[in-house]
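Visitor: Hi, I'm new here and would like a walk through this one. Could you put it on screen first?

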Amino acid sequence: MIMMELDEIKKIWQDMDLLKEQKKISDERIKRMLRNEGKSALDKLIRTARFFAIIIIPLGLLLCACSYRFFEEGGYYPVVPLSFLLLCILMMPFETYLYRLLKGIDFSIMSVREVSEKILKYYRIIRKGQFFGMILFIVYLAIWYFLYYKLTFGDEIVWFLIIYMAVLYTLGLIAIPILYKKIYYRHINKIKESLKELEEFDNN
């Protein structure tokens, strides 16, 4: 009788150990899944940062090529495309910094707090970039188009082109926030959600 009770107790303990082990495996699997979700969003941000680090100077050169009339005219006109090219050159170290900031994030070895701090830092930089980007778009494009129109048509009023550019200008102002949301904020929010779930999981 006593031996049977001991066997039953032993079996119960074995079952409990098995359940604990299964729970541990299940917990690790959930954590790994949450990290993978965050890492997937991070990889997309890294690819975006790498793309802009590569394309930033060619973008400045492309605008210079589109502004050949400015160079033909001479005087102060070439200053407009060349100032944009200079800005692109100066932005190169900044874009490289963003790329390295994201590459420095490792979900496998860093704590939730460490990852959160870096993502928050990146988020703040992107928010400021959007603000100054909007100002640059409004001011620079208006100056560039005004001078280009003046070189092409002089004082002649071509309503079709004026309306066409006004529509493009408006669409650009609408598109910038949408693009930022699609390219940056959607992935940043996915990382934040994964980190929040990981933190709640660890606390439980």
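Guide: Let's start with a word we'll need: buried means under 20% relative accessible area, exposed means over 50%, and partly exposed is in between, using a 1.4 Å probe and protein chains only. At 5% relative accessibility, His187 therefore counts as buried.

Visitor: Before we go on, what kind of model is this, and how are residues numbered?

Guide: This is a predicted model, where local features need pLDDT of at least 70, side-chain atom pairs count only at pLDDT 80 or more, and totals for chains, interfaces and linings use all residues. Residues are numbered from 1 along each chain as its sequence is written, and side-chain values use heavy atoms, with hydrogens and water left out.

Visitor: OK, back to His187. Where does His187 lie, and what does His187 touch?

Guide: His187 sits in helix α5, residues 159–203. Leaving aside residues up to four places away in sequence, His187 touches Ala41, Lys44, Leu45 and Lys182. Contact here means heavy atoms within 4.5 Å.

Visitor: How many helices and strands are there in the protein?

Guide: The protein has 5 helices and 0 strands, giving the pattern α-α-α-α-α along the sequence. Those are DSSP runs numbered from the N terminus: helices are H or I with at least four residues, strands are E with at least two.

Visitor: And what share of the protein is buried?

Guide: Buried residues make up 29% of the 204 residues. As for contacts between residues at least 6 apart in sequence, 79% join residues at least 24 apart.

Visitor: Let's look at α3. What span should α3 have, and what do its ends show?

Guide: Helix α3 covers residues 79–103, and at 1.5 Å a residue its 25 residues should span 36 Å; the end C-alpha atoms are 36 Å apart, which agrees. The expected span is 1.5 Å times one less than the number of residues.

Visitor: Where does α3 bend?

Guide: At Met91, by about 35°, with a proline, Pro93, following within four residues. The bend is the angle between axes fitted to the seven residues ending at a residue and the seven starting there.

Visitor: Which residues of α3 are buried?

Guide: They are Val80, Pro81, Phe84, Leu85, Cys88, Glu95, Leu98, Leu101 and Leu102. An α-helix has 3.6 residues a turn, so residues three or four places apart point the same way.

Visitor: Which residues does Lys150 touch?

Guide: Lys150, found in helix α4, touches Tyr76 and Tyr77, not counting residues up to four places away in sequence. Lys150 counts as partly exposed, at 38% relative accessibility.

Visitor: New topic: how many cavities does a search of the whole structure find?

Guide: The search finds 1 cavity of 30 Å³ or more, with a volume of about 40 Å³ for the largest cavity. On a 1 Å grid over the protein atoms alone, a cavity is a set of points where a 1.4 Å probe fits but cannot get out, while a pocket is an open set with protein on both sides within 12 Å along at least five of seven lines; lining residues have an atom within 4 Å of a point. Grid points are joined across faces, edges and corners, and a volume is the space filled by probe spheres set on the points.

Visitor: What lines the largest cavity?

Guide: Its lining is Thr48, Ala49, Phe52, Glu95, Leu98, Tyr122, Ile126 and Tyr184. Helix α1 gives the most, with 3 residues.

Visitor: And what about the largest pocket?

Guide: About 1200 Å³ of space lies in the largest pocket. It is lined by 31 residues, and Leu59, Phe84, Gly133, Leu136 and Tyr180 lie nearest its centre. Helix α4 gives the most to that lining, with 12 residues.
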